[in-house]
Amino acid sequence: MLGHDLQEELTGFLAAREDELIAFRRDLHAHPELGYHEHRTTSKVALRLAAAGLRPVTMPKGTGLIVDIGDGPAGSPLVALRADLDALPITDEKHVPYRSTVPNACHACGHDVHTTVLLGAGLFLAGQASAGMLPGRVRLIFQPAEEVPGGALDVMAAGGIASVDRIFAVHCDPRLDVGRVGTRTGPITAACDKIRVRVSGPGGHTARPHLTADLVYALGKIVTELPAALSRRVDPRSSLSLVWGRVSAGSAANAIPDGGIAEGTVRCLDDEAWHEAPDMLKALIESVASAYGVIAELNYERNVPPTVNEAVSTAILESAAAAVLGTDSVTPTPQSLGGEDFAWYLESIPGTLARLGTRTPGSAQDFDIHQATFDVDERAIGVGVRLMAASAITALLTGGTAVTDRLPDRARA
Ligand SMILES: [Zn+2]
Ligand SMILES: [Zn+2]
């Protein structure tokens, strides 16, 4: 079924549906909703899926939805495709007919495209299922709140990936030409956490630092020694980097303050180092603070882990892309320093996130995601539909659990 037949069927499907999908995307683009507020988006998607005979289930918090396609027996392979629904709290600065109609909300990360791609792939796969041609089950996950982030955790808490063998997603890439797909095995996005160090001491006169704890000096030591110590404690390849963004203490030139604060971000390219970072930072901060007689408290705010693409899933997606988009559609993509909450799924099950090219070839415009002028070449929607549908079918044909069991431990951990 893969190869020529599938390619032809997708071409036929898109000939009939591509205009509708583009209009769907423009409607979402004009009505963006922020994380956990995607009510209109959720209902638009649910209505369209229901019109195709599917039975979507809205998630417990009222936004986001999950729908299963195909009625293979329990235990038959189950592959998930995921999109994110939410927009960003920035003002749309484009001059297009589908410009955002909502102040301070804009689909500047392309999640309207992801949602439309998944809807299109779902409609195609539903057609395959009713023709008795779907070799297993496919779950569509339209998750809320990727940017908040945490929508992925809600999906997991609701049991959304409990029996899923493999999961796939795409993300718009404005640096890659439309028609191309960027892939990578291993980490493809980074972790970015926030830390706050609160230092306290007795305070006193600057004439007598020896009788109190010199809090500003101690805070300075923490600020300068922590990044240096980290670089000696972790593998340089994990690129764990701490950068301070705010340091504050005191109010008078001749008074040692009794409190101070330093805030910064911890970025990390490696999953293992990310897991170790909080304990390591806590120990380092305590050792510096105790040397100067101050008390330091660390508040470590976890964001998302790095997204670590699993090898077999990546190979499946690459072969699907080659089959329906052409062998030269696939190109290696570098690891980005951005975060992506798809990472949470990949801590539990194997899967892969690919970059979907959205740049018009030869275009002079230089878009980036999270920019107020971000837009895509809408041909990317058809490309995404082909890629997602073919990846699901390829994964089902490759087999579910049997293959999962043969994966290296790290990919399943
Ligand atoms: Zn984003
Ligand atoms: Zn995004």
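**Exercise 1. Which residue in E16 stands opposite Val 181?**

Step 1. Val 181 faces Leu 356 in E16.

Step 2. Place the strands, which are DSSP runs of E with at least two residues, numbered from the N terminus. Strand E6 covers residues 181-183 and strand E16 covers residues 351-359. They pair in the antiparallel sense over two bridges. Pairing requires that DSSP finds at least two bridges between two strands.

Some ground rules follow. This is a predicted model, where local features need pLDDT of at least 70, side-chain atom pairs count only at pLDDT 80 or more, and totals for chains, interfaces and linings use all residues. Residues are numbered from 1 along each chain as its sequence is written, chains are lettered from A and ligands numbered from 1 in the order in which they are written, and side-chain values use heavy atoms, leaving out hydrogens and water.

**Exercise 2. What is the strand order of the open sheet, and which strands are at its edges?**

Step 1. Eight strands make up the open sheet, in the order E1-E2-E4-E3-E5-E16-E6-E15. The pairing is mixed.

Step 2. Strand E1 (57-58) and strand E15 (330-332) are the edges, each pairing on one side only.

Step 3. Contact means heavy atoms within 4.5 Å. Helix H7 (residues 311-325) lies across E5, E6, E15 and E16, at about 60 degrees to E5. Axes are lines fitted to C-alpha atoms, for helices over the stretch in contact, and angles run from 0 to 180 degrees between N-to-C directions.

**Exercise 3. Which residues coordinate each zinc ion?**

Step 1. Cys 109 (SG), Glu 147 (OE) and His 370 (NE2) coordinate the zinc ion (ligand 1) at 2.0 to 2.2 Å. Donors are N, O and S atoms within 2.8 Å of the metal (3.2 Å for Na, K and Ca). Water is not among the atoms, so sites may look incomplete.

Step 2. The zinc ion (ligand 2) has Cys 109 (SG), His 111 (NE2) and His 171 (NE2), at 2.1 to 2.4 Å.

Step 3. Cys 109 coordinates both ions, which are 3.1 Å apart. Cys 109 sits in the loop between E3 and H3, while His 171 is in strand E5, 62 residues apart.

Step 4. Check burial: under 20% relative accessible area is buried, over 50% exposed, and in between partly exposed (1.4 Å probe, protein chains only). Cys 109 has 5% and is buried. His 171 is buried too, at 3%. Glu 147 is partly exposed, at 23%.

**Exercise 4. How many residues does the largest nonpolar core have?**

Step 1. A nonpolar core is a set of buried Ala, Val, Leu, Ile, Met, Phe, Trp, Tyr and Cys residues joined through side-chain atoms within 4.5 Å. The largest has 64 residues. Leu 81 and Leu 125 are among those with the most contacts inside it.

Step 2. Helix H9 (residues 379-398) gives the most to this core, twelve residues.

Step 3. Look at Leu 125. Not counting residues up to four places away in sequence, Leu 125 touches Ile 69, Leu 81, Leu 134, Val 138, Ala 389, Ala 392 and Ile 393.

Step 4. A second, separate core has 51 residues, including Ile 188 and Leu 226.

Terms used:
Helix = DSSP H or I, 4+ residues; strand = E, 2+ residues; numbered from the N terminus.
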